[in-house]
Amino acid sequence: MTDKKTEKDFISCLRERRIENDCAVFIGYGNRFIGQDILPQEHKLKYLCGFTGSDGAVVITQNEVFLFVDGRYELQARQEVDLEKTKVVNLVPGLNGICDFLQKKKIKKLIYDGWCVSDCEIRKCKTDYPQIEFVEECRLLNLDKQDKIEVKERSEVYAGKTRDEKLSEQIRQLQLKQADFCLITAADSVSWLLNIYARDLPYSPVVRAYALVGADGSYNLIGDNLKTALPVMSFAEFEQWLAGQNGKILYDAESIPAHLKALIKKGETCADYCLYAKARKNKTELDGMINCHKRDGAALVKLLCWLQKNSQGKTETDIVSKLHEFRQEQSLFFSESFATISGAAENAAVVHYQPTLKNNRRLEQNNLLLLDSGGQYLDGTTDVTRTVALGKPTAAMVHDFTLVLKGHIALASAKFPKKTSGSQLDALARAPLWQEGKDFKHGTGHGVACFGNVHEGPYRISPNAPSRLPLQFSNIVTSVEPGYYKENAYGIRIENLYYTRETPDDENFLEFVPLTLVPIDKSLIDVYLLNREERAWLNNYHQKVYGCLAACVNDEEKKWLAEACSSF
């Protein structure tokens with residue numbers, strides 16, 4: 001199929017050629033770089049049904065079209081798709097859960113693109129659902145970009161280690177496994193390992209390529225349309241190389257496409273070494289994260305100070321543009337780290353809402369603005385959410401905001417044993433909301449790269465965080481972002497980034513240290529709901545914010561900052 005066909009043409013043609021009564025076609029978000037960002041023109045789900053979120057899957061049967069999304073996107077999906085043509089299903093869009101759904105509908109055959117489904121995922125489904133026949137069809141819906149990608153070198157001044165130093169560590173892993181090659185298929189791992197980046201994507205500097213590292217120290221990038229002095233094989237050349245290769249190849253089953261894994265004659269699954277190594281920031285990376293958050297905090301302070309006097313008549317996209325303007329003024333700025341979420345009033349209840357010229361609305365007095373944004377800087381990556389009162393907030397807004405703040409403080413101030421799971425930590429942030437029968441439908445924390453993907457694995461703070469990946473090391477950067485969303489009314493989220501370190505009095509325990517430096521709106525806090533420890537945390541945090549940023553802003557902004565950070 002080509003990207004010139006319309007949604008109706010594609011689905012009709014698909015049904016005519018392949019779909020019988022007991023057959024379905026699975027089309028997931030993304031491409032052969034599983035879990036990585038895509039370009040807007042590569043968005044298959046938008047092409048098929050109009051959904052613009054960053055996760056989901058479409059399943060097409062003979063008579064129905066289903067869009068699978070989790071709780072983060074359920075409301076957004078229902079607003080964006082034609083519900084007469086597409087049925088929205090609130091279900092984590094992994095293939096395994098979808099197969100359970102399809103089995104109940106007596107589907108006996110599932111067609112999938114082997115480049116866009118991981119080996120791990122398809123093997124589990126084949127084991128768990130023997131009644132379903134899985135049929136691979138490569139490039140089922142190919143919308144991939146074909147332009148040249150200029151690969152740039154990242155200096156060790158920001159990376160902290162040279163390419164050769166990182167490669168030597170990867171080669172030691174090969175030697176331990178007595179393997180000939182290691183195939184790295186996660187694009188962010190490849191970019192970290194080889195100290196490279198690109199401007200191919202609007203928000204992530206990763207180079208969308210694989211890497212093949214040999215035990216002899218050789219390496220190759222694998223990708224199409226790469227402009228670089230580094231050794232490169234195209235995907236077609238790599239498939240030919242695999243056909244004649246009998247050496248032992250290590251691969252990560254969770255990131256390698258099923259189609260590619262099937263071509264490996266002698267292989268062994270091995271967790272991606274880079275995934276874990278890059279999650280633990282070295283000293284240079286951590287220093288860079290600390291420094292870029294000061295500059296990013298200054299940009300947010302400038303925006304919030306400006307907003308206090310200029311909100312009247314402004315729109316959601318005006319806020320996006322103004323924040324970009326302030327970030328561009330900061331040194332080492334590269335790009336936003338994701339599309340800015342600027343949601344006013346009920347739009348903020350859509351967890352991943354993004355304003356466009358079509359849905360853009362004006363800011364309203366006596367309501368809330370939820371602003372979730374981040375920046376890519378050559379020395380680090382930021383991600384911060386602030387909920388701001390415009391005028392006088394209602395008592396309900398203040399109450400709910402304070403509950404979210406209590407949850408944020410509970411997790412941010414926690415001291416916990418090493419090897420505590422992300423699901424255990426997640427409960428700390430939800431407890432104040434749970435006490436009143438409230439909750440939120442997204443995770444509480446995700447890893448963040450240093451000049452890379454704003455969502456970085458493998459560590460998560462979430463009810464579904466795998467127990468085999470506990471937080472057990474220092475220098476892991478994670479978000480803490482509890483929220484509360486009242487449909488058709490308002491949305492609240494408070495997000496900071498933190499890094500882990502050993503507690504001063506016990507090396508077997510970890511604590512969080514704040515990276516984000518942005519005031520929390522005190523007009524939304526019911527101070528009488530905070531206990532003494534929570535007030536102390538908030539006052540200490542604001543004291544740190546003021547101390548770090550006062551010298552980074554002008555006199556008017558400094559005056560605003562002093563008031564915003566004053567103690568209760």
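Hi everyone, a few ground rules before we look. Because this is a predicted model, local features need pLDDT of at least 70 and side-chain atom pairs count only at pLDDT 80 or more, while totals for chains, interfaces and linings use all residues. Residues are numbered from 1 along each chain as its sequence is written, and side-chain values use heavy atoms, with hydrogens and water left out.

Let's start with the whole thing. The protein has 17 helices and 30 strands; these are DSSP runs numbered from the N terminus, helices being H or I with at least four residues and strands E with at least two. Its radius of gyration is 24 Å, close to the 24 Å that the globule rule gives for 568 residues, so the protein is as compact as a globular protein of that length. That radius is taken over C-alpha atoms, and the globule rule is 2.2 Å times the number of residues to the power 0.38. Along the principal axes, the C-alpha trace spans about 70 × 55 × 40 Å.

Now, the sheets. Strands of a sheet pair through backbone hydrogen bonds, either parallel or antiparallel. Here, two strands pair if DSSP finds at least two bridges between them.

Please find the open sheet of six strands, ordered β14-β12-β11-β9-β15-β16, with mixed pairing. Its edge strands are β14 (232-233) and β16 (267-269), and each pairs on one side only.

Helix α7 (residues 163-176) lies across β9, β11, β12 and β15, running at about 70° to β11. For such values, axes are lines fitted to C-alpha atoms, for helices over the stretch in contact, and angles run from 0 to 180 degrees between N-to-C directions.

Next comes an open sheet of three strands, β18-β19-β22, with antiparallel pairing. Both β18 (341-344) and β22 (384-390) stand at the edges with a single partner strand, so one side of each is left without a neighbour in the sheet. The twist averages 10° from one strand to the next.

Finally, helix pairs. Helices α12 (residues 283-310) and α13 (residues 316-328) have axes that come within 9 Å and cross at roughly 135°, and they are therefore oblique to each other. Compare α16 (residues 532-549) and α17 (residues 555-564), which pack at about 165° with axes 9 Å apart; these two are therefore roughly antiparallel. The cut-offs: under 35 degrees is roughly parallel, over 145 roughly antiparallel, 65 to 115 roughly perpendicular, and the rest oblique.

Which residues make the contact between α16 and α17? On α16 they are H542, V545, Y546 and L549, and on α17 they are K558, L561, A562 and A564, where contact means heavy atoms within 4.5 Å.
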